[in-house]
Amino acid sequence: MSDVTVSSFPALSSMNALWQARYGTRPPTPPLPESPVARSLMAHRSVRAFSPTALPEGVLEAAVAAAQSASTACNMQAWSVVAVQDEQKRARIAELAGEQAFIAQAPLFLAWVADLSRLEQVGRAQDCALPGRDMLDTFVTSVIDTALAAQNAAAALESYGLGIVYVGAVRNQPEAIATELGLPPRALAVCGMSVGYPDRNHPTSIRPRLPQHVVLHRERYDAQPSAPADIAAYDERVRAARASQDQPARSWSESVLARLDNAAALHGREHLPQALRAMGFRLDQA
Ligand SMILES: Cc1cc2nc3c(=O)[nH]c(=O)nc-3n(C[C@H](O)[C@H](O)[C@H](O)COP(=O)(O)O)c2cc1C
């Protein structure tokens, strides 16, 4: 069924090999306990070149069942997902979402939607005004639910040998995306996800991450005097990894600055507060 699974990378078939690939350092001792689920998660890499082969029957339903199995605040399940297979629709979404060609190429696009509209229906049926619907925390809760669901689906899809890449660029023009997907008021496509079998001619690699001690704090947050040196070393790793994959040389710090120190890089996302209000979200109820 699949052409790329964890087991098809013999060199990456153990937790320790995956640690080495992720961090570029020797794994800790004693060795990490083996787990097929953790191995699959650690083997993740975004895929941006897909074969046209359709997903096998049942895989979408299995992925959504995995998504619905994620924890959800107060069991509110404040999310929905729109599965788009139609080629022309995917091409239009690609155009709206930063002209990213892989959206049109991959056989399936999933739009992960923070959805307060269903909760509103429950309120209406019981004649309740639902002031909590307009609280910022309810919106945040819905976005968290959506992200957890999406990531469970991603893990399930990767376990079937499929590749995925998230698409945050659906928030470049959130209202146009909502219209394309027919979303009701108070529903925001938080992120998209292109899904398909990875194109064997464009293999992808595991992307290095910050050293674990930079993100893992024990008992209390540690200001970490070593952080600048850690980040400088990580910058070099990222630069070397990109060079080895024929990508333009760029360090992690340079990528962060290109994104956060440059309003043009937001591609319209700076207007998200206005767009959210226009889409029926208020976010100001105390
Ligand atoms: C919320 C979110 C939005 C993303 N949006 C995009 C996107 O629009 N285009 C893209 O090519 N990659 C996108 N990505 C993928 C990230 O660039 C990728 O996860 C990151 O560079 C780490 O690489 P890896 O997933 O291969 O480990 C997104 C990832 C997340 C979590």
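The model is predicted: local features need pLDDT of at least 70, side-chain atom pairs count only at pLDDT 80 or more, and totals for chains, interfaces and linings use all residues. Residues are numbered from 1 along each chain as its sequence is written, and side-chain values use heavy atoms, with hydrogens and water left out.

**Surroundings of the ligand**

- The ligand has 14 residues around it, of which His44, Ser46, Arg48, Gly168 and Arg207 come nearest; a residue is near a molecule if one of its heavy atoms lies within 4 Å of it.
- By class, this shell holds five nonpolar, four polar and five charged residues (Ala, Val, Leu, Ile, Met, Phe, Trp, Tyr, Cys and Pro count as nonpolar, Asp, Glu, Lys and Arg as charged, and the others, Gly among them, as polar).
- Strand β3 (residues 163–167) contributes the most to the shell, with three residues; strands (E, at least two residues) and helices (H or I, at least four) are DSSP runs numbered from the N terminus.

**Polar contacts and burial of the ligand**

- A polar side-chain atom of serine 46 lies 2.6 Å from an oxygen atom of the ligand, a polar contact being a pair of N or O atoms within 3.5 Å.
- In arginine 209, a side-chain N or O atom is 2.9 Å from an oxygen atom of the ligand.
- Alanine 169 takes part through a backbone N or O atom, which lies 3.5 Å from a ligand oxygen atom.
- The protein buries 67% of the 630 Å² that the ligand exposes when taken alone (accessible areas by the Shrake-Rupley method with a 1.4 Å probe).

**Aromatic pairs**

- Four aromatic pairs are found in the whole structure; rings of Phe, Tyr and Trp (its six-membered ring) pair if their centres lie within 6.5 Å.
- The ring centres of tryptophan 79 and tryptophan 112 are 5.7 Å apart and the planes stand at 45 degrees, so the pair is tilted (planes under 30 degrees apart count as stacked, over 60 as edge-to-face and the rest as tilted).
- This pair links distant parts of the chain, 33 residues apart: tryptophan 79 belongs to strand β1 (residues 79–84) and tryptophan 112 to strand β2 (residues 108–115).

**Backbone features**

- Threonine 29 and proline 30 are joined by a cis peptide bond, with omega about -5 degrees; proline 30 is in the loop between α1 (15–23) and α2 (36–42).
- Glutamate 99, a residue other than glycine, has a positive phi near 50 degrees and is found in the loop between α4 (87–96) and α5 (101–105).

Methods. A polar contact is a pair of N or O atoms within 3.5 Å; within protein, one must be able to donate a hydrogen and the other to accept it, and residues adjacent in sequence count only if both atoms are side-chain atoms.
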